[in-house]
Amino acid sequence: MKVLITSNSFSKFDETPRQKMLDLGWELIGNRYKHIMNEEEMMGEVNEVDAIILGSDTVSKKVLDKANDLQIISRYGVGIDNIDLETAKEKGIEVTVTANCNTEAVADYAIGLMLSTLRHICNVDSNLKKNTWKKETGLDLCNKTVGVFGLGAIGREVVKRLQGFNCKILGYDKYVDEDYCKNENITIKEPKEIFKEADIITLHMPGNVDGSYFISKRELDMMKSSMVIINTARASLIDEEAMICALKDKRIYGYGTDVFAEEPLVNKEFADLDNVVLSPHNAAVSVEAINKMSHKAVDNLIEYFKTK
Ligand SMILES: NC(=O)c1ccc[n+]([C@@H]2O[C@H](COP(=O)([O-])OP(=O)(O)OC[C@H]3O[C@@H](n4cnc5c(N)ncnc54)[C@H](O)[C@@H]3O)[C@@H](O)[C@H]2O)c1
Ligand SMILES: O=C(O)[C@H](O)COP(=O)(O)O
């Protein structure tokens with residue numbers, strides 16, 4: 001068994017997951033590149049590989065066509081928009097995720113980005129580090145109306161936290177669980193209504209893979225000028241160019257984001273804006289989440305090969 005590990009944080013704080021595979025006699029090959037691999041690099045690594053423990057690197061059709069021995073992709077994380085699922089299915093390649101392992105880490109982080117964006121915490125911090133004592137007035141989170149898009153694992157943890165801030169929750173999910181929403185006092189609404197009514201929007205649904213945007217200029221134009229948008233989901237949900245225009249024109253109040261259209265690159269125009277908080281796809285990487293994801297990614301492989 002040959003396993004390609006592309007994620008750099010896998011087994012970083014706990015050797016057990018890596019050791020479990022070594023004890024089984026599996027050969028482990030790592031990401032020599034120490035960055036998100038491009039298609040060519042992935043194509044060069046997947047030959048004779050039986051399994052991949054996959055980070056954010058893209059597994060395209062071309063990559064899968066080179067991976068003749070590949071049986072399973074164990075995604076170290078939950079987003080699978082970086083995998084050509086159709087081709088994987090055609091080739092009978094199993095895809096698993098580390099469900100519920102980074103849920104709390106990302107929910108905490110979404111609230112952190114929300115507070116930082118509303119209260120300009122990153123701006124005042126960087127000013128003070130340059131010896132500039134400058135107060136910046138912001139907006140409260142408590143008592144606000146928050147639109148939560150995607151009421152799955154992370155969305156639900158975010159809802160729990162927002163309830164502690166006495167927020168009114170408007171919710172949207174493509175496969176909505178009405179009982180859950182009723183129990184949690186979440187008002188289910190169509191996206192358009194939420195765009196108009198909410199003070200804050202936070203995204204917790206999968207990324208779009210068809211090139212369409214969930215939020216583009218049309219949606220941004222519907223929002224209050226005091227709107228704060230938080231994105232710890234995927235950049236493909238938002239038209240970045242339209243977002244930058246809206247932020248420049250102060251059409252909305254702020255944007256806190258962990259995700260970008262061309263990771264690891266960041267659109268340079270963001271850097272000139274003081275109403276954004278930028279984070280390098282960092283929401284999932286708490287020590288606790290890394291440990292849970294590392295164990296689960298390996299257990300998913302072991303479970304799969306047990307049945308073979
Ligand atoms: N920034 C990060 O590091 C980070 C970490 C983990 C997850 N994520 C992103 O967050 C997303 C959510 O993660 P999760 O663990 O909560 O996943 P999940 O599968 O538990 O929840 C996703 C929810 O979105 C809903 N949904 C699916 N398609 C939708 C659509 N078109 N419109 C509205 N809702 C839709 C589903 O019904 C589900 O309830 C992931 O897909 C991933 O892209 C990012
Ligand atoms: O989908 C996820 O779980 C997160 O985006 C974290 O994974 P990544 O940083 O490896 O993309």
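Which backbone atom type of G79 lies 2.7 Å from an oxygen atom of ligand 2? The atom in question is a backbone N or O atom of G79, and the pair qualifies as a polar contact, that is, a pair of N or O atoms within 3.5 Å, where within protein one must be able to donate a hydrogen and the other to accept it, and residues adjacent in sequence count only if both atoms are side-chain atoms. The model is predicted, so that local features need pLDDT of at least 70 and side-chain atom pairs count only at pLDDT 80 or more, while totals for chains, interfaces and linings use all residues. Residues are numbered from 1 along each chain as its sequence is written, chains are lettered from A and ligands numbered from 1 in the order in which they are written, and side-chain values use heavy atoms, with hydrogens and water left out.

Ligand 2 is surrounded by G55, S56, R75, Y76, G77, V78, G79, N102, R234, H281 and A284, where a residue is near a molecule or strand if one of its heavy atoms lies within 4 Å of it. Taken alone, ligand 2 exposes 300 Å², of which the protein buries 86%; accessible areas come from the Shrake-Rupley method with a 1.4 Å probe, and for residues only the protein chains shown count as cover. The shell divides into three nonpolar, six polar and two charged residues, with Ala, Val, Leu, Ile, Met, Phe, Trp, Tyr, Cys and Pro counted as nonpolar, Asp, Glu, Lys and Arg as charged, and the others, Gly among them, as polar.

Around ligand 1 there are 22 residues, of which A153, I154, D173, T232 and D258 come nearest. A polar side-chain atom of D258 lies 2.8 Å from a nitrogen atom of ligand 1, whereas a polar backbone atom of G152 is 3.3 Å from an oxygen atom of the ligand. H281, listed above in the shell of ligand 2, also has a polar side-chain atom 3.4 Å from an oxygen atom of ligand 1. Ligand 1 taken alone exposes 860 Å², and the protein buries 82% of that; its shell holds 12 nonpolar, six polar and four charged residues.

What does the record say about these regions? UniProt, in an unreviewed entry, lists residues 111-283 as "domain: D-isomer specific 2-hydroxyacid dehydrogenase NAD-binding", with positions given in the numbering used here, feature names shortened, and annotations that may be inferred rather than shown by experiment. Over residues 111-283 the chain is 34% helix and 16% strand, and the end C-alpha atoms are 11 Å apart; helices (H or I, at least four residues) and strands (E, at least two) are DSSP runs, numbered from the N terminus.

Two backbone features deserve a careful look. Most residues other than glycine have a negative phi, and most peptide bonds are trans. N166, although not a glycine, has a positive phi of about 60 degrees, and N166 sits in the loop between α7 (153-164) and β7 (168-172).
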